[in-house]
Amino acid sequence: MANTVTVEVKADTKKAQSNIGKFGSKVKNAAPQIAVASAALAGASAMAVKLGDEFIEATRIIAAGTGASGDDLKDLEKSFKNVFKNVPADSKDVATALADLNTELGLTGKQLESAAEQFLNMSRIMGADASTSIQEVSDVMKLFGVEASEVNLILDKFAVVSQASGVPIDNLAKTVRKFSPALINIGFELDEVVTLFAHLTANGIEAKTAMPALSAALAKLGNEGATDLKGALEGLVTQIQDTTDSTESLNLANKYFGTTGGAMFMTAIKNGAFSVDAYDDILAEASGTLEQLSKDHMTAGEKVDIFKNKLKAIVAPTAIYLAQIGYIVAAIPALVSGIIYLTKVTWI
């Protein structure tokens, strides 16, 4: 017959129950604080994930707009952060400006960052659309063979002429891009063309109306044997300007600019509206105009936006990580709520 060993365990179950009860009571008492902490954690987590998504979206805009990848994309991401913390603009606008400038002019590094800041500040100060301005100004620079590194100066020049003439930068750049080829072919420089179209527009003469008549005059001068068409045109303008007899001036204008454009050009020339040097003084001092305007006209709200962007740039790496594991972060509040629920169970 097998031996049987009986072990008697004497345990103080009342004490154990008491300890469990005390633990449950403490957790119950802490439940309100846990609930507050859970809510705060949920809010902070949501904000972090949102910020991370914002920066991930910016990278996606840059990658899609430029086709960059690997180290090139990392460099553009770095430029994005550098610009973002210096302007009161949202991340999408900054990313789009960087992508557009990189694509249109091939800019990278500090030149890209400086140009992006300038276009974004121009947009904020003068109300022009940054993307449209980048495209139009870039196309103008290509037409005139201007180096990409000169983009800040060119934008400053458009800005001062826009201010002086009242013609919006977008419209002025578009006009120059569309109607300048005929003038480029006869030797006009960028400053001269910008001045001419701005001054004509400011005096009520649109380029789309003026250019057919101007082209007719150039053709007429060419048929007469002029080899220096620019010089010949300038001579014709001077001749009309200096002719005191109005009938004679009109006949001369009609001969070259046509019966439709003759009167218009005669009046423009007599009034000084047909000018390629009207803004020479301000063009000579244009460099740095937009940077100074940005400093002088920064609102309190815009300063706060820059401060916010600086903070976002600092916490961006952590926020991006949290956004990438967002499903885990989102589960934390539910987990804490579950713990709170368990504390409501009556302990035995």
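T289 counts as buried because its relative accessibility is 15%, where buried means under 20% relative accessible area, exposed means over 50%, and partly exposed lies in between (1.4 Å probe, protein chains only). T289 is placed in helix 14, and, with residues up to four places away in sequence not counted, it touches D156, V160 and Q163, contact meaning heavy atoms within 4.5 Å. The structure is a predicted model, in which local features need pLDDT of at least 70 and side-chain atom pairs count only at pLDDT 80 or more, while totals for chains, interfaces and linings use all residues. Residues are numbered from 1 along each chain as its sequence is written, and side-chain values use heavy atoms, with hydrogens and water left out.

The contacts of T289 belong to a meeting of two helices, in which L155, D156, A159, V160 and Q163 of helix 6 meet T289, L290 and L293 of helix 14. The residues of this contact divide into five nonpolar, two polar and one charged; here Ala, Val, Leu, Ile, Met, Phe, Trp, Tyr, Cys and Pro count as nonpolar, Asp, Glu, Lys and Arg as charged, and the others, Gly among them, as polar. The axes of helix 6 (residues 151-165) and helix 14 (residues 289-296) come within 8 Å and cross at roughly 65 degrees, which means that helix 6 is roughly perpendicular to helix 14. Angles under 35 degrees count as roughly parallel, over 145 as roughly antiparallel, 65 to 115 as roughly perpendicular and the rest as oblique, the axes being lines fitted to C-alpha atoms, for helices over the stretch in contact, with angles from 0 to 180 degrees between N-to-C directions.

Taken as a whole, the protein chain has 16 helices and zero strands, both being DSSP runs numbered from the N terminus, with helices (H or I) of at least four residues and strands (E) of at least two. Of the 348 residues in the protein chain, buried residues make up 40%, and among contacts between residues at least 6 apart in sequence, 71% join residues at least 24 apart.

The largest nonpolar core has 86 residues, of which F80, V94, L101, F158, V176, F257 and F274 touch the most other members; such a core is a set of buried Ala, Val, Leu, Ile, Met, Phe, Trp, Tyr and Cys residues joined through side-chain atoms within 4.5 Å. Helix 12 (residues 246-270) gives the largest share of this core, nine residues. F274, with residues up to four places away in sequence not counted, touches L196, L200, L214, L233, V237, F265, A268 and I269.

Loops can be looked at in the same way. S180, in the loop between helix 7 (169-179) and helix 8 (181-184), is buried, with a relative accessible area of 0%, and, leaving aside neighbours within four places in sequence, S180 is in contact with L143, F144, T175, V193 and F197. E189, in the loop between helix 8 and helix 9 (190-202), is exposed, with a relative accessible area of 51%.

Finally, the confidence of the prediction is given by pLDDT, which is the predictor's confidence in each residue, from 0 to 100. The protein chain averages a pLDDT of 84, and 76% of the residues score at least 70. Over residues 37-44, however, the pLDDT is below 50, and this stretch has five contacts in the model beyond near neighbours in sequence.
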